[in-house]
Amino acid sequence: MTKKSYRITKYNPKNRNEEGHYLDNSEWTAISDIGKIKFKNISYEEYEKVETAYVKSIKLILAEKKITNLTVDSFYLHSTYKDFENYKKDNRLKNLEIDFKKEIKTIKNGDVLDLNQIDKVIRLVLRETMQMDLINTELKIEFGYDYYMYVECDLLENNTIEMIHKMNMFVE
């Protein structure tokens with residue numbers, strides 16, 4: 001069966017033009033937008049609710065496909081130990097328990113992550129502390145700029161798509 005590509009985001013497709021560009025410039029696109037007037041003064045709690053919807057969307061897809069682990073691919077760590085210490089102070093890591101030396105510094109391509117590790121890694125990627133794809137033979141998850149997430153897999157069931165939509169996420 002041919003794999004399908006899905007763009008799964010918080011961005012409502014009604015706000016796109018004919019070329020697919022998102023038109024609402026007041027929409028936040030990163031954790032660093034929290035509290036900025038330009039982005040409707042988004043709170044950390046509002047941010048985390050959306051971040052959690054991204055994580056749950058992936059977990060729904062993994063459950064549908066009966067996938068219990070994913071492999072790290074195209075890993076790039078653009079943060080140092082010192083950066084992570086600063087992230088703790090500026091709340092970028094709020095509600096995440098991270099041991100940089102044990103959990104971050106040791107990550108490499110080919111590492112196999114279980115569901116609990118996947119949850120934390122997705123949050124760290126969305127919080128712009130590292131970059132990676134998550135793959136297995138049946139699925140590939142890529143993260144783009146501006147809070148875009150792409151999933152390549154066999155056709156998703158309508159029930160899974162509906163559950164993702166109920167979290168105010170859009171599957172295109």
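In what order do the elements of the chain run from the N terminus on? They follow the pattern β-α-β-α-α-β-α-β-β-β-α-β, where helices (H or I, at least four residues) and strands (E, at least two) are DSSP runs, numbered from the N terminus. The radius of gyration, taken over C-alpha atoms, is 16 Å for the chain, close to the 16 Å that the globule rule (2.2 Å times the number of residues to the power 0.38) gives for 172 residues, so the chain is as compact as a globular protein of that length.

The model is a predicted one, in which local features need pLDDT of at least 70 and side-chain atom pairs count only at pLDDT 80 or more, while totals for chains, interfaces and linings use all residues. Residues are numbered from 1 along each chain as its sequence is written, and side-chain values use heavy atoms, with hydrogens and water left out.

In total, the secondary structure of the chain comprises five helices and seven strands. Along the principal axes, the C-alpha atoms fill a box of roughly 45 × 40 × 25 Å. Of the 172 residues, 42% are buried, where buried means under 20% relative accessible area, exposed means over 50%, and partly exposed lies in between (1.4 Å probe, protein chains only). The accessible surface of the chain comes to about 9,800 Å², and 49% of this surface belongs to carbon and sulfur atoms; the areas come from the Shrake-Rupley method with a 1.4 Å probe, and for residues only the protein chains shown count as cover. Among the contacts (heavy atoms within 4.5 Å) with a separation of 6 or more, 67% are between residues 24 or more positions apart.

The seven strands form an open sheet in the order β3-β2-β4-β5-β6-β1-β7, with antiparallel pairing; two strands are taken to pair if DSSP finds at least two bridges between them. Strands β3 (112-114) and β7 (170-171) stand at the edges, each with a single partner strand, so one side of each is left without a neighbour in the sheet. Further inside the order, β2 and β4 run antiparallel and are joined by four bridges, with D73 standing opposite D133 in β4. Strand β4 is in turn joined to β5 by three bridges, again antiparallel; here L134 stands opposite I141 in β5, and a hairpin connects β4 to β5 through two residues. Strand β1 (residues 4-9) runs antiparallel to β6 (residues 148-153), to which five bridges join it, and S5 stands opposite E152 in β6.

Helix α4 (residues 115-126) lies across β2 (69-76), β3, β4 (131-136) and β5 (139-144), and runs at about 105° to β3. This angle is taken between N-to-C directions on a scale from 0 to 180 degrees, with axes fitted as lines to C-alpha atoms, for helices over the stretch in contact.

How many salt bridges does the count come to? There are 14, a salt bridge being a side-chain nitrogen of Lys or Arg within 4 Å of a carboxyl oxygen of Asp or Glu. One of them joins R123 to E51, with the closest N and O atoms 2.7 Å apart. Because R123 lies in helix α4 and E51 in helix α1 (residues 44-65), this pair ties together parts that are 72 residues apart in sequence. R123 counts as buried at 10% relative accessibility, and E51 is buried as well, with a relative accessible area of 0%.

E51 also forms a salt bridge with R127, where the closest N and O atoms are 2.7 Å apart. This pair links R127, in the loop between α4 and β4, to E51 in helix α1, 76 residues away, and both residues are buried. A further salt bridge pairs K59 with D119, the closest N and O atoms being 3.4 Å apart; since K59 lies in helix α1 and D119 in helix α4, the pair ties together parts that are 60 residues apart in sequence. K59 is partly exposed, with a relative accessible area of 30%. Through shared partners, salt bridges join E51, K59, D119, R123 and R127 into one network.

Most residues other than glycine have a negative phi. D146, which is not a glycine, has a positive phi of about 60°; this residue lies in the loop between β5 and β6 and is partly exposed, with a relative accessible area of 41%. N168 has a positive phi near 65°, lies in the loop between α5 (158-166) and β7, and is exposed, with a relative accessible area of 54%.
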